[in-house]
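Please find below a colleague's note on the structure shown here. The points are numbered so that each may be taken up separately.

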Amino acid sequence: MNPIIIIGSGLAGYNTAKELRKLDTITPLIIIGGDSSPFYSKPMLSNALASKKTSESIALNTPEQMATQLNATVRAHTAVDAIDTTAHTLLIGDETLAYSKLVLALGADQIRLAMDGNATGSILTVNDLDDYASFRTTIAGKKRVAIIGAGLIGCEFANDLASSGYGVDIIDIAQQALGRLLPPEGGALLQAKLAALGVQWHLGTSVQAVDRTENGYAVTLANGNVLRVDVVLSAVGLKPRTTLAATAGIQVNRGIVANRHLETSAPDVYTLGDCAEIEGLVMPYVMPIMHATRALAQTLAGKRTAVSFPAMPVMVKTPACPTIVSPPATGSEGTWQVEATADGVKSLFVAADGKLLGFALNGSATAERAKLAPQLPPVLN
Ligand SMILES: Cc1cc2nc3c(=O)[nH]c(=O)nc-3n(C[C@H](O)[C@H](O)[C@H](O)COP(=O)(O)OP(=O)(O)OC[C@H]3O[C@@H](n4cnc5c(N)ncnc54)[C@H](O)[C@@H]3O)c2cc1C
């Protein structure tokens, strides 16, 4: 019997394998990763510095340990070049591998903005443990970091770096931090708390150029300011990896298109995680992955199962200003109702009929999460 093959050794790939092995211990299983394929929790990458964790201590298991644990073959540093969905095969260089079922858990790429300057190639991104190891090597002994992007990942790195003694400049075209997730009052509190740690905000402007100087980099902003820093880190968003699927003729849109059974347009090919667009939803977070892996494992084991997603609030790892967000679904009709105190902001997104559709809680208001979360509508019922 041909094996089940999972392309991707991130949380989506490995957790699918773990869930599958609870139901089926014997079907041959191959997991292929383009990176070094350790098992680790990616969210730790943006708060590991202050907790003094290194890339070595973040890795929970080596690929060899995962292979033993999962009764699987794990192939690290192996890029899949093409998929033939008719023949049920995939191509790695000159090698052809046949699959019975194929899971695409390919993740997403960090978006890189086009900008001028002679040092754009030195701008770092952190999207896996290998990147994190390079990041830690690069910042060692350095003093000042510019972060491009004040979204979730940018703000988390800003908190982690600032509380570890680094000077931080953070730049975003939006007028506030976490502009897609927080109303202005919540953004203002987060900014104030991070500013108190020493973070310098450059909002409503963008980076025009990054140039090498004698001692580091000059980051030229559209507002004319020039920042002198030692390291530049970009965190401006993620783009689902769709090329492999699209080239194979599998339907893609923003992500690899899947129905709620996680089936793509090709027979026996499934998708989940950061690369996937499930019933129109791209959800690059851990909780959707955990729900999807459990449903997909059932399907792979022979019981076709649909996924449901409850509301899945996301904790932003900014200890200077604890923040929990559960944004309303795109296109939701409603208004933000905001209550601000000295140390917290409670923002509720409420429909005309009074139903709670989303929330953003900062500081002391995060204590209300347990009460509010059950009132939220499911993301996909
Ligand atoms: C710094 C950071 C902090 C985060 N914090 C949080 C948080 O606090 N809470 C939260 O919910 N989410 C957080 N996230 C998001 C969360 O970590 C991701 O949603 C999740 O880890 C994605 O897992 P994945 O398996 O889909 O993708 P990935 O972990 O990116 O794995 C993709 C895998 O596919 C492989 N691959 C891709 N193409 C090929 C190919 N052609 N051939 C072979 N292999 C291939 C890659 O090598 C990799 O092994 C954070 C993300 C980052 C970057």
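The points that follow treat the basis of the note, the domains, the ligand site and several individual residues.

1. Basis of the note. The model is predicted, so local features need pLDDT of at least 70 and side-chain atom pairs count only at pLDDT 80 or more, whereas totals for chains, interfaces and linings use all residues. Residues are numbered from 1 along each chain as its sequence is written, and side-chain values use heavy atoms, with hydrogens and water left out.

2. Domains. The chain is divided into domain 1 (4-108 + 239-300), domain 2 (112-234) and domain 3 (322-375); these bounds come from an automatic or database domain assignment. Between domain 2 and domain 3, the C-alpha centres are 27 Å apart. Contact (heavy atoms within 4.5 Å) joins eight residues of domain 2 to 13 residues of domain 3.

3. Shell around the ligand. The ligand is surrounded by 34 residues, the closest being A12, V80, D274, V286 and K317; a residue is near the ligand if one of its heavy atoms lies within 4 Å of it. Domain 1 and domain 2 each provide at least three residues of this shell. At least two residues come from each of α1 (11-23), α5 (152-162) and α8 (286-300), and α5 gives the most, with three residues. Helices (H or I, at least four residues) and strands (E, at least two) are DSSP runs, numbered from the N terminus.

4. Composition of the shell. By class, the shell has 18 nonpolar, ten polar and six charged residues. Here Ala, Val, Leu, Ile, Met, Phe, Trp, Tyr, Cys and Pro count as nonpolar, Asp, Glu, Lys and Arg as charged, and the others, Gly among them, as polar.

5. Backbone atoms at the ligand. A nitrogen atom of the ligand lies 2.9 Å from a backbone N or O atom of V80. For oxygen atoms of the ligand, the distance to a backbone N or O atom is 3.3 Å at A105 and 3.4 Å at L106. The protein buries 92% of the 1000 Å² that the ligand exposes when taken alone, with areas from the Shrake-Rupley method and a 1.4 Å probe; for residues, only the protein chains shown count as cover.

6. T271. This residue lies in strand β18 (residues 269-271). T271 is buried, because its relative accessible area is 0% and buried means under 20%, with exposed over 50% and partly exposed in between (1.4 Å probe, protein chains only). A polar atom of the T271 side chain lies 2.9 Å from the backbone oxygen of L104. Leaving aside residues up to four places away in sequence, T271 touches L104, I256, A258, L262, T264 and A276.

7. T27. The loop between α1 and β2 (29-32) holds T27, which counts as buried at 12% relative accessibility. The side chains of T27 and D24 make a polar contact at 2.5 Å; such a contact is a pair of N or O atoms within 3.5 Å, and within protein one must be able to donate a hydrogen and the other to accept it, while residues adjacent in sequence count only if both atoms are side-chain atoms.

8. Positive phi values. Most residues other than glycine have a negative phi. L178, in the loop between β10 (167-172) and α6 (184-196), has a positive phi of about 45 degrees and is buried at 2% relative accessibility. L262, in the loop between β17 (256-258) and β18, has a positive phi near 65 degrees and is buried at 0%.
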